[in-house]
Amino acid sequence: MPKRTSLTADRSSLTHRIRYAMRHPGRIGPYLRRSARDLRLRLTHRDHVSYYRAVMASDTSRDPKKAVGSRNEKRWLALGQMQFDYLTGHGLEPGQRMLDIGCGNLRAGWRFIEHLDPGDYYGIDISPDILIAAKKVLSERGLQHKLPHLTLTHDLTFDFLPENHFDVVHAHSVFSHSPPQVIDECLAHVERVLAPGGFFDFTFDRTEGAEHHVLREDFYYRTENLIALAERHGLHAKFMDDWEELPHGQSKIRVTAPERGAGA
């Protein structure tokens, strides 16, 4: 498995935060403001979904592109292009159906919508604010005729979606902001909506040390633990080495369902 830097660091530890502050003094102020905001939101939004929905509302009100982790337009376009190139390089083509979990403001989604046949892109997100921004991007790109589905959701049970429907399910920068119970919920239900031969790709923040989180917003997981969790739900999971070669800080796992009737 390729190595990334600082994979054993516990970013939640006081030692790490002090060392980071000494190396990046200009980021102390923004971090303290973010900490104060997150404390306020945690006190008023007890469950993770309502809390993170409030985080997205706060971030989107300032800048929808920064709200999805892109510091400027150039980076927003580059990250979307990277996701698009990777999935089309792995076989995503017109005539297939795609479910984009955490579609955000269509950073990559508008490219998928343009690439796929009308009605075959389904984007879901927990944030109504970011979905409003997504509809604006859709209009700006002139893609209304592609009739994409953009739907607000509160969980990852996919209970409103049909069985065996999606050839590709995609979650970019979702599990990096999700506690274990949300990931477990998704893996428990994703097989039902996967079409035969389909796959589910998700990115995550990888650590080789202790799993941890920072401010309940950024979660770091060990690869083997996520693979084991998928396998407990009867899924096959594979670490995607070729994704590691790309200029992105997260790692990727691909999940597939066993063939119908296999192992019976």
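A: One term before the surface numbers: accessible areas here come from the Shrake-Rupley method with a 1.4 Å probe. With that, the protein chain exposes about 12,800 Å², and carbon and sulfur atoms supply 53% of it. Keep in mind that this is a predicted model.

Q: OK. How many helices and strands does the protein chain have?
A: The protein chain has 10 helices and nine strands.

Q: And what share of the residues counts as buried?
A: Of the 264 residues in the protein chain, 48% are buried.

Q: What about contacts between residues at least 6 apart in sequence, how many of those join residues at least 24 apart?
A: That comes to 72% of them in the protein chain.

Q: Let's pick a helix. What does α8 look like?
A: Helix α8 covers residues 180–193, which is 14 residues. From its first C-alpha to its last it reaches 21 Å, close to the 20 Å expected at 1.5 Å a residue.

Q: Which residues of α8 are buried?
A: V182, I183, C186, L187, V190 and V193.

Q: How buried is C186, in numbers?
A: C186 has a relative accessible area of 0%, and buried means under 20%, so C186 counts as buried.

Q: Since we're on cysteines, how many disulfides are there?
A: The count comes to zero disulfides. For reference, a disulfide is a covalent bond between the sulfur atoms of two cysteines.

Q: And C103, buried or exposed?
A: C103 is buried, with a relative accessible area of 6%.

Q: Switching to aromatics. How many aromatic pairs does a search of the whole structure find?
A: Nine aromatic pairs. One of them is Y122 with F166: the ring centres are 6.2 Å apart and the planes sit at 85°, so that pair is edge-to-face.

Q: Where do Y122 and F166 lie?
A: Y122 lies in strand β2 (residues 121–125) and F166 in strand β4 (residues 166–171), so the pair ties together parts that are 44 residues apart in sequence. Both Y122 and F166 are buried.

Q: What about the rings of F219 and Y221, stacked or edge-to-face?
A: The F219 and Y221 rings have their planes at 10° and their centres 6.4 Å apart, so they are stacked. F219 is buried at 4% relative accessible area, and Y221 is buried too, at 5%.

Q: Which residues do ring pairs link into a cluster?
A: F175, F200, F202 and F204 are linked into a cluster that way.

Q: And which residue lies over the face of W110?
A: That's R141, at 4.1 Å from the ring centre. There is also R254, which lies over the face of F199 at 3.9 Å from the ring centre.

Q: New topic: backbone. What is phi of L106 near?
A: Phi of L106 is near 65°, a positive value in a residue other than glycine. L106 belongs to the loop between β1 (98–101) and α6 (109–115), and at 0% relative accessibility L106 is buried.

Q: And phi of N164?
A: N164 has a positive phi as well, near 50°, and isn't a glycine either. N164 is in the loop between β3 (149–152) and β4. With a relative accessible area of 37%, N164 is partly exposed.

Q: Where's L161, then?
A: L161 is also placed in the loop between β3 and β4. L161 is buried, with 4% relative accessible area.

Q: What is L161 in contact with, leaving aside its neighbours within four places in sequence?
A: L161 is in contact with L99, Y122, F166, R192 and V193.

Q: Last one. Where is G80 found, and what does G80 touch?
A: G80 is found in helix α5 (residues 73–89) and is buried at 0% relative accessibility. Not counting residues up to four places away in sequence, G80 touches R107, A108 and R111. The C-alpha atoms of G80 and G109 are separated by 7.6 Å, although the two are 29 residues apart along the chain.

Terms used
Residues are numbered from 1 along each chain as its sequence is written. This is a predicted model: local features need pLDDT of at least 70, side-chain atom pairs count only at pLDDT 80 or more; totals for chains, interfaces and linings use all residues. Side-chain values use heavy atoms; hydrogens and water are left out. Helices (H or I, at least four residues) and strands (E, at least two) are DSSP runs, numbered from the N terminus. Buried means under 20% relative accessible area, exposed over 50%, partly exposed in between (1.4 Å probe, protein chains only). Contact means heavy atoms within 4.5 Å. The expected span of a helix is 1.5 Å times one less than its number of residues. Rings of Phe, Tyr and Trp (its six-membered ring) pair if their centres lie within 6.5 Å; planes under 30 degrees apart count as stacked, over 60 as edge-to-face and the rest as tilted. A charge sits over a ring if NZ of Lys or CZ of Arg is within 6 Å of the ring centre and within 35 degrees of the ring normal. A disulfide is a pair of cysteine sulfur atoms within 2.5 Å.
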